[in-house]
Every structure is written in C-alpha cells, then in structure tokens.
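Hi,

Here is the structure I promised to pass on. Have a look at it first, and then read my notes below with the model open beside you.

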Amino acid sequence: MTATAGSRALAQRRIDLIERLAQAAQARAHVGLGRRLRVRQAGLGTRIVFDGRELLNFASNDYLGLAAHPAVIAALIEGARRDGVGAGAAHLLGGHRAIHEQLDEALAAWTGRARALSFSSGWLANLGALTALLEPGDLCLQDQLNHACLLDGARLAGATLKRYRHGDLDRLARLLDAESERPALIASDGVFSMDGDRAPLVEIANLATARGASLMVDDAHGIGVLGPRGAGSVAAAGLGTTQVPVLMATFGKALGTSGAFVAGSAALIDGLTNFARSFVYSTALAPPLAHATLAAIRVAQVEAWRREQLARLARHFRRGAQARGLALVADADGPIQPLIVGAADAALTLARALADAGFYVPAIRPPTVRPGSARLRVTLSALHRESEVEALLDALARHWPQVTDAN
Ligand SMILES: *Cc1c(COP(=O)(O)O)cnc(C)c1O
C-alpha cells in the first residue's frame, strides 16, 4: 500500500466531526429540544414581529427600555461620525479611544470602584477575568445556577470548579473549609438570569472574608435595575471593593447596548490589561457603542421612574399571578418572572398558545435549565403598561390549566 492509500484508509475510519455534530443535533430535535433561529422582522420597544404578526414582547432584557431611546441612538450615530464604526485595532494597539476611557471612568464612578475596563461582551469579560485571576489548581466555587460563561471561564482557567446548590451557603462554607489552603474565588450571579432571584451577597461576602476567599459578582441583570441610581445589586447590598473585589456587568441588558465591563481596584484592572486574553487579543469595543453606552448610563442614572415603573410592574405581575394560581419563583422580585411549567413540551405548548393570543414569551428548556424545570421566562420592561401585564396574566390563566393538568 502506498503512503497516500494508507492515509486514505485511515481517514475513512475516522469519525467525521460535522456528521457527528449533525447527529447530536438530530438526537436533540428528536426529544423535542431542538433549537432554531427565527427572524424577528421588526419591532422596537415592547413590540416584536414574527411571521408578519406583531406580538407584545415579554422576552427582552432591555429592562429600562433604553435600546431604542432617542438619546442612545443619537449618541451612537454621532459617535460613528466622530470615531468611525469599528475600533480598527485592539485596545493596546491603538484601538483605545478617548470615549473608551470616558466610559471606563463613568463605570468606575457609578459602581464606586477605583477603575473599570470594558470588554466586547459579557462572555468575553467573564472568560478574561476568570482566566487572568485563576491558575490551575485554584478553587473556584460557583452557584449551580450561575451563567454558563462563569462556568466556562473557570474551566478554561484550569481551576477546580465546585458548584454548590442554589443559595446553599452551608455547603459553600464546607467546600471552603475542606480546602483552607488553596487560593479560592467565589463567583456568583448577582441576579440569576433564569430564576430572577438575587444572590445573598452580604452573607456570601462575609463568608468569603472570614475564609480568605475572593468574591466575583456577575451583575448582568442587576446593573441599571437595582441600587442607588441603578448602580446594581452590589451597591444595593452596600458592598465595596474590599468585600466584592471583582464586579462584572454587561451593557446588553438594562443599558440596551452591547458589551460589558469589569470594575475593581487599580491592581485588578492593571492585571486584566496584561493578562485577560479576551481583552488583549480582541478588537476594541466599537466606538459608537461606547458613545451609546455612556449615553445609556446617563439616562439610567437620572431617570429613576424607569426603575420605579419596573418595580411596580413586577409587584403587579406577582400579585396577579398568585391570585390566578400560577407557579412563581419564590424570591424573584424583579423584572425576570419565570413561571415553572416542568415538562419541556408543556412549556412549548403554553408558549405557542400565548403567541396565538398575541404575546411573545419563549419557553426555556433544558439544557439551559435543569430537566423537569422548563419554564416560561417572562421579562418586564419599564415601557410595558399595567394593562398589558394584566392582559398577559389573563392569557396565562386561560391556558395554564391545559398544560399543568396534562403534566
Ligand atoms: C447575558 C449574560 C452574560 C453574557 O453577557 P453578553 O454580553 O450577552 O455576552 C453573562 N452573565 C450573565 C449572568 C448574563 O445574563
């Protein structure tokens, strides 16, 4: 056999990766858990258009209604005129503009930290921070319901990742006590993205301090929504840099733009500037987005009515859901209001019935959430009217018995 014939024979024995991937996708679709993209044809604010039909959108993370705010749009356009669309380079190689510096300073001031550093997405910010901070063999302790990118960041860093049951601080303490010598980082969502409840940040911070561990909070769903002037769940809990040395949050939710930041001491930010590979080797955040985000922060800080309206709507939704016998998540008190259905197909059925009634509330299914905990993830926006929330509650009450009886 010639060398080429031999290598061809070998190649034929090898599993084709695309084929394997396609089979995995088919297997997932077969059990009713397939995912496919749908094109949103139009719709701003609380409206969304699918297949030519306008629905009321209860699925957006644009909690304050800033994604289409005139001041934010104007800042984006003006920013593009002044600085161009793309940054043209990574931050360290000429991409870092004055607007990036202003944005980082505003973020530091807002969150009460010495400094901040922007990234192009929350996923990249968490990967960058975790891989810079953690070395192989370090301990990283995470709530079971943390966002996927916190888990992936710890894994990529080669740290020993231990997950504790949602909110189980006794377990967290035991995990730390079992390995009191190892450098340790506790990482937690501030507000949990699929359950909508808040982490007990004060208790976690006390536990971390007593045991010499560092604490990192991902406040993707708290920034803009909670705390004085919307400074987030860490500010709402009154925790400074000593208790929460690593604070991360995104621009893609309440701020209505895209990107993310990490805030903390000068030492942390200098370290990230050197070692966060997703910062160093990635094109800087598009300058118009930095302009738009700065404008969004100004609106979020001063227009307190948006936070107040959001809190009012959340209370209204919870009262109405309780009165109608819908299954709420106990401690979810903000704009994320999941209704736990259980079976994935039942959640899909309910989502379709709601769409027919004019509401977009997608079903969230495994593996995004644990098997048996499929849900409708209702999210509220400051731009919703109380009458719209009421109409959603009525539609939910009409269709809820069908799926829960079948369950
Ligand atoms: C959305 C989200 C992220 C990722 O942020 P992106 O900017 O969308 O990449 C990280 N953490 C949490 C908790 C999130 O909800």
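What follows is a short tour of what I found, one spot at a time.

Before you start, keep in mind that this is a predicted model.

Let's begin with helix H8, which covers residues 201-210. Which residues of H8 are buried? They are Leu201, Ile204, Ala205, Leu207 and Ala208.

What do the buried residues of H8 pack against? Their partners are strand S5 (160-164), helix H7 (169-178), strand S6 (184-189), strand S7 (214-218) and helix H9 (233-236). Once you reach the end of H8, look just past it for glycine 212, which has a positive phi of about 70°.

**Arginine 40 in its loop**

Next, go to arginine 40, in the loop that runs between helix H2 (17-30) and strand S1 (47-50). Arginine 40 counts as partly exposed because its relative accessibility is 39%. Its side chain makes polar contacts with backbone oxygens: the one of glycine 43 is 2.7 Å from a polar atom of that side chain, and the one of alanine 42 is reached at 3.5 Å. Leaving aside residues up to four places away in sequence, arginine 40 touches Arg47, Ile48, Val49, Phe50 and Asn57.

**Salt bridges**

Side chains of opposite charge can pair when their charged atoms come close. How many salt bridges are there in this model? The count comes to 18. Here are a few to click on.

One of them joins aspartate 270 and arginine 115, at 2.9 Å from N to O. This pair links distant parts of the chain, with aspartate 270 in helix H10 (residues 266-275) and arginine 115 in strand S3 (residues 115-119), 155 residues apart. Aspartate 270 is partly exposed at 40% relative accessibility, and arginine 115 is partly exposed too, at 33%.

Another joins arginine 324 and glutamate 390, at 3.0 Å. Arginine 324 is in the loop between helix H13 (304-323) and strand S10 (336-342), while glutamate 390 belongs to helix H15 (residues 386-406), so this bridge ties together parts that are 66 residues apart in sequence. Arginine 324 has a relative accessible area of 26%, so it is partly exposed, and glutamate 390 is partly exposed with 29%.

There is also a network: Arg47, Glu54, Arg385 and Glu388 are joined by salt bridges that share partners. Within it, the side chains of glutamate 54 and arginine 47 meet at 4.0 Å, N to O. Are these two buried or exposed? Glutamate 54 is exposed, at 52% relative accessibility, whereas arginine 47 is partly exposed, at 26%.

**A nonpolar patch**

Last stop: Ile73, Leu76 and Ile77 form a nonpolar patch on the surface, and together they have about 220 Å² of accessible area. Isoleucine 77 belongs to helix H3 (residues 70-83) and counts as partly exposed, because its relative accessibility is 41%.

Enjoy exploring, and write back with any questions!

How values were computed
Residues are numbered from 1 along each chain as its sequence is written. This is a predicted model: local features need pLDDT of at least 70, side-chain atom pairs count only at pLDDT 80 or more; totals for chains, interfaces and linings use all residues. Side-chain values use heavy atoms; hydrogens and water are left out. Patches are made of residues with over 30% relative accessible area and no salt bridge: like charges are joined within 9 Å, nonpolar side chains (Val, Leu, Ile, Met, Phe, Trp, Tyr) within 5 Å. Accessible areas come from the Shrake-Rupley method with a 1.4 Å probe; for residues, only the protein chains shown count as cover. Helices (H or I, at least four residues) and strands (E, at least two) are DSSP runs, numbered from the N terminus. Buried means under 20% relative accessible area, exposed over 50%, partly exposed in between (1.4 Å probe, protein chains only). Contact means heavy atoms within 4.5 Å. A polar contact is a pair of N or O atoms within 3.5 Å; within protein, one must be able to donate a hydrogen and the other to accept it, and residues adjacent in sequence count only if both atoms are side-chain atoms.
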